[in-house]
Amino acid sequence: MNSEKVPRWPNGARAVVTVTIHVDGPAVEVGRNLTPLGINSRGRYAIRRGVYRYLDMLERHGIPATFFCCGYDAEHWPGIVKDIWTAGHEVAAHGYQHEGFDLGAREPELLEKTHRILANLTGEEPVGWCSPSGRKSELTLPTLRRLGYRYDTSEKDEDLPYLLDDRFAILPNNTVSLDDFPLYLTGHALPSEAGDNFIEEFDSIVDGDGYVHFIVHPKGAGGSGSPARAAQVDRFLAHAKRTPGVAFMTCRDLADYCLAHPATWLNPRSSTGEQP
Amino acid sequence: MSGTLLVTVNVHGIGPEAASTPEAQLFGRDAHGRYTYRIGLARLLDYMEQIGIKATFFWPAVEAQRMPALLERCLKTGHEVASHGNAFEDHMTLSEAHEAELIERAHELLTRMCGSAPVGFRAPTGTLSFASIPILHRLGYLYDSSFLDDDAPNLLSEDGGPGMVELPFSEGLVDATHFRRRVTQDRAEAHLAQELDGLLGYSGYACLSIHPRADLGLARSSRLKILDRLVTRARDLGAEPTLGRDAAFACRPILKPTRLGVRQTATDFQ
């Protein structure tokens, strides 16, 4: 295995950044049988403040992003999804009520339900999915493929995108160090420390494999919704923007780029390395 | 409206633990809450008097009955007494009738003990039901302070409380959020300070929530100084400590109705 090998990014870019926003509105609390009020209004923060705060920030930086939306949130607050779509961002699927994907036979039904809700709102079928819990079952990928999905961002086994075959891409998501949620919830990082961590990761990746998969939650607590935490995401995006040779892409555009070059991306380290 | 810092105190003794275990069975590590009765709350009141700040104290009925002299002192020194429910019930799981009975019981007790009715409410364990706000509205409450879904006050019209104001709090501005994880006090203060700066810079409103306990709260003598430093920090950013009822009363006429899930801006509040 040759970890030095760096594949070719679109237009000769040195690195690609996918900014992903996990909307996680009241769907999360409702899915856990919580009344989404009072202390369980973290998701309400996302749809009241957080999503718009990030739409404004992304517009200011001129960065296209992928918003992973739960079907329940889209059903109840369709204006949010329409505003995301109208701003030119990608709308992708993130479960109906942020399920843990231990749903048994109900799973295909819920994947289809969310798929239909998002497609009806934007007029375009979503092609990407991220597992809300990071889990999948043996039913997940077959169902997603049947519905026409082209990528999944739930794996953590690579730093580079790779293809399962010439019709389906895996864009691994870095929940270890480029995801706000565990840093704050488990790591109890200060906002400024989380910002430093994002930038250290970015600098190292840009000098190496070159794929930066960044995850933000616009919710109140636990995510980067609050002004102090959003300011750190802002600082990170500004840092990424002023780094020469960095391209910002939606997950869909990156997946389609990889799918168009299967020889490179079926196993991006294959020319010198082991098969996984 | 100029900047507003709400200093709020959740008056928690051993009530949270006693809600699920008979108090006679709570000892040692399960009985941190008794610190509030022996020294915590009195020390906090002394300190607030010393540094000259007035706060909103959310009193559960069960703690008011336990510490009537400190409740009276709270009132006499000019703090606001607001309702924090009955005895740490989980409002999300109550029937509407039972919930109404508990909120009314606490309301009547505080009214009797204070000589006037409380106008503010904070959910005792944080949770609310869809009936909570309508019940509070029927009882004449001016504001609730249980949500953490916004950076600034908003109106509760959409949630069944026409004319009622929500004074949201922030999880990052709750002492217990940080001390529960046993971080050092310097680190807890850094968390509180960064969130405070962010909120005041954005909306000019911040709600600091503290507890008179030693484990989860600011009542240890060395931690109390954090309160003074945070208030000074807020003042430097143009925000004065304000009581909940004064903040709610001042902003109610200038708040515009908002709809959840529809774009709004900070200037809706400012």
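**Where the chains meet**

Modeller: This is a predicted model. In the contact, 35 residues come from chain A and 38 residues from chain B.

Colleague: Thanks! What area is buried between chain A and chain B?

Modeller: About 3300 Å², with carbon and sulfur atoms giving 52% of that area. On the chain A side, A:Arg48, A:Arg49 and A:His188 supply 26% of the area chain A buries against chain B, more than any other three residues.

Colleague: And how many salt bridges does the rule find across the interface?

Modeller: Nine between chain A and chain B. One of them joins the side chains of A:Arg44 and B:Asp159, at 3.0 Å from N to O.

Colleague: Which helix gives the largest share of the side of chain A that touches chain B?

Modeller: That's α2(A), with 10 residues. By class, this side of chain A has 18 nonpolar, nine polar and eight charged residues.

Colleague: Switching topic: at what angle do α2(A) and α4(A) pack?

Modeller: The angle is about 5°, and their axes are 11 Å apart. Angles under 35 degrees count as roughly parallel, so α2(A) is roughly parallel to α4(A).

Colleague: Nice. Which residues meet there?

Modeller: From α2(A), A:Ile47, A:Val51, A:Tyr52 and A:Leu55 meet A:Gly79, A:Ile80, A:Asp83 and A:Ile84 of α4(A). That contact has six nonpolar, one polar and one charged residues.

Definitions and conventions
Residues numbered from 1 in each chain as written. Chains lettered and ligands numbered in written order. Predicted model: local features only at pLDDT ≥ 70, side-chain atom pairs only at ≥ 80, totals over all residues. Heavy atoms only, no water. Contact = heavy atoms within 4.5 Å. Buried area = accessible area lost by both parts, 1.4 Å probe. Salt bridge = Lys/Arg side-chain N within 4 Å of Asp/Glu carboxyl O. Helix = DSSP H or I, 4+ residues; strand = E, 2+ residues; numbered from the N terminus. Nonpolar A, V, L, I, M, F, W, Y, C, P; charged D, E, K, R; others polar. Axes fitted to C-alpha atoms, helices over the stretch in contact; angles between N-to-C directions. Parallel < 35°, antiparallel > 145°, perpendicular 65-115°, else oblique.
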